[in-house]
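I opened this entry to set down, in order, what I looked up.

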Amino acid sequence: MTDFPIKSAVTVTYDGVGLDQWLTVSDIQRNVGQARTANLTKVGTSNGKKFQYISADESTVKVLADINYDLATKRRELARVLTKSEPKQLIFSDEPDKYYMAIVADQSALIEDQFHGEITVTFIVPDGVAHSLTTKTTSNVGSDGALSDEIIIQNDGTYPVYPVIEATMHSDNGVLTLINESNGGVLQFGNKSEIDGYTSTRPERVLNIGFDSDPGGKENVTASNYPNYNGVSGQANQQVGTMQFGKDALGGSAMIPVFSNSGVKYWGGPSRVFAVPMNSHGSNTGNLFVLGRVIFDTGVKAAGRTELTLLNGSSVVMEIVVRDSSSVTDQIVFEQWVGNQMVGSRTLPRSVFKNGQYYQIELYRFSSRLGFEISPVSKVAAGNTAQLKSTVSIPFSITNTDPIDGVGVWFERWQQTQHSIMTMSDLQFIWTDVEYWTDTENLYEDGDVLTVNTETRQILLNNVLKSDLDRYGNDWDKFKLDPGTNKITMAYSNFATTPTVQAEIREAYL
């Protein structure tokens, strides 16, 4: 027996502790491959047996070593290190990049001879394979940064391994499905029938002017179907005068014309144009509803004209005209215009359309229908809502989608003669049927991280355990990645953007 220490050719580390401080390894017995058991069945009286299946069993690794000097102390220290309640990492220096998950189950006998002892330590490796100390990660991010719906994973080990998959969502999403193309395994987390939301429509009121004060707008520039008297060029009706804002004859806040018709040869009076904002989608061509509440008190000797015009720049899209063009009769005429074409005209019954009340005038556009209405108002209720008496409604089947960017109001009188009492107390413009999106709550939101350990079947959402995501029928057993090239494809909700998905494996070796 030598009287100086002999260094081991191969050192052993168990659970992070080097055993060479007690042992000098003389031999290591590592099996080739796993222990395998074939299941065979005798069929009748035929020769031999029928093969059923083969299964892998645990394997063993034996370490034969010497212990020199102070055997009692080293025996007890070695026992402390080797006694574990569960498998721990076992690493040999000739394969420093690999480890076994091993446990000492049998009692190791130490044969002692004065200052020298010999020991055989038998490690049981339950899964029968060695594992890489490092992991390998592959993702669906291409070299150009683009995301694909697949991950190509190269398993350079000699044994199938389970991946840990992490998916980072970049939008709302209802489901993530993973497919192991090699083994046909499918894992689904979520509901593929989940929807992102739905589209509805709602009105958007973009003008709501009560004329309690001057709302602004442009003076005396509105477009009209009455630019000239009797349509004769050179006989221009004039936009002159100003508006004042105060109380009308019925006590409501109103826009009231202040006429300045000196030198006016035909019809004249002040106008205002109010800009109409687009709807929330940036469109000004959609369905609409416009109302104005006016006073139009007239008589035998009085004349006047009120125009409410929907404008596209300097062009008329739709127009209502309420007029009394005669100074010898008591009349109210209700006209409807589309573009520069009068599509209707009706003389209103004075028994219904009397002085001393508001009239509500309305225009609407819906699909291929345009409409014009005028109604006496019996009462203005709470919330500035008019209660109407009878209504004269004149609809037309005319398609019109011209843009609208303004509403013009023009009050006119004939020269400097007695005029009808005309005011406007309310003006509203509503884009109807504006589409909007209602976002429903989805399982996954932008930024959520789903982590799936396919070996332990543990599912985490944002680091929180989510056992309810394990759908019945998930093919966990088919998600091992064989040695060589493997492909995992993924599917998600059709409204979702591609998530970033990465797969991490720890290669294993027989």
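In what order do the 4 strands of the open sheet lie? I found the order 13-38-15-16, with antiparallel pairing; strands are DSSP runs of E, at least two residues, numbered from the N terminus, and two of them pair if DSSP finds at least two bridges between them. I noted that this is a predicted model, in which local features need pLDDT of at least 70 and side-chain atom pairs count only at pLDDT 80 or more, while totals for chains, interfaces and linings use all residues. Residues are numbered from 1 along each chain as its sequence is written, and side-chain values use heavy atoms, with hydrogens and water left out.

At the edges of the sheet I found strand 13 (150-155) and strand 16 (185-190), each pairing on one side only. Strand 15 (residues 175-180) is joined to strand 38 (residues 484-492) by 5 bridges, and I looked up N180, whose bridge partner in strand 38 is I488.

I then turned to the nonpolar cores, which are sets of buried (under 20% relative accessible area, 1.4 Å probe, protein chains only) Ala, Val, Leu, Ile, Met, Phe, Trp, Tyr and Cys residues joined through side-chain atoms within 4.5 Å. The largest has 42 residues, and M424 is among those with the most contacts inside it; strand 34 (residues 421-439) gives the largest share, 6 residues. A second, separate core of 28 residues includes V10, Y14, L78 and A102.

Last, I checked V25, which lies in strand 3 (residues 24-30) and is buried, with a relative accessible area of 13%.

Technical notes
Buried means under 20% relative accessible area, exposed over 50%, partly exposed in between (1.4 Å probe, protein chains only).
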